[in-house]
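Please consider the sequence and the structure shown here. The explanation that follows leads through the fold step by step.

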Amino acid sequence: MQKNTGLKRIILAMGYSLQGLKSAFQHEAAFRQELLLAVILIPTACFLEVSQIERILLITPLLLVMIVEVINSAIEAVVDRIGSEHHQLAGRAKDMGSAAVLLSLGLTAYIWLEILFL
């Protein structure tokens, strides 16, 4: 079997990535909520009278939250696929993924508050 290489591999990878984003949007309420937050706050950041570096600092964590949410959702999907019975390690994996999302949201809030109000 021949492996896909070059441009074909890149095109296929882009398709898989877009399918992953579509899946996150269709199946994950948290992702939709975080996307809505980004759709509101990214344009807001673009219109604020802040320096370019501050604008970058306002936008970057919003994207980070969505990245972490997609990874968290992937972890949850794999854990759920393995089995429905409760296992301590499965619960730990899900809790850690959720904690990563919480930390990224906290970072976002801190950066926005620091730049806009402190």
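The buried residues of helix H3 pack against helix H2 (29-47) and helix H4 (88-117). Here a contact means heavy atoms within 4.5 Å, and buried means under 20% relative accessible area with a 1.4 Å probe, protein chains only. Among the buried residues of H3 are Leu-58, Ile-59, Leu-62, Val-65, Met-66 and Val-79, and Arg-55, Glu-69, Asn-72 and Ser-73 are also included. An α-helix has 3.6 residues a turn, so residues three or four places apart point the same way.

The model is predicted: local features need pLDDT of at least 70, side-chain atom pairs count only at pLDDT 80 or more, and totals for chains, interfaces and linings use all residues. Residues are numbered from 1 along each chain as its sequence is written, and side-chain values use heavy atoms, with hydrogens and water left out.

Helix H3 covers residues 52-82, and at 1.5 Å a residue its 31 residues should span 45 Å, which agrees with the 46 Å between its end C-alpha atoms. This expected span is 1.5 Å times one less than the number of residues.

The protein chain as a whole holds four helices and zero strands; helices are DSSP runs of H or I with at least four residues, and strands are runs of E with at least two, numbered from the N terminus. The radius of gyration of the protein chain, 18 Å, is well over the 13 Å that the globule rule gives for 118 residues, so the chain is more spread out than a compact globule. That radius is taken over C-alpha atoms, and the rule is 2.2 Å times the number of residues to the power 0.38. Buried residues make up 23% of the 118 residues.

Technical notes. Buried < 20%, exposed > 50% of the residue type's maximum accessible area, 1.4 Å probe, protein only.
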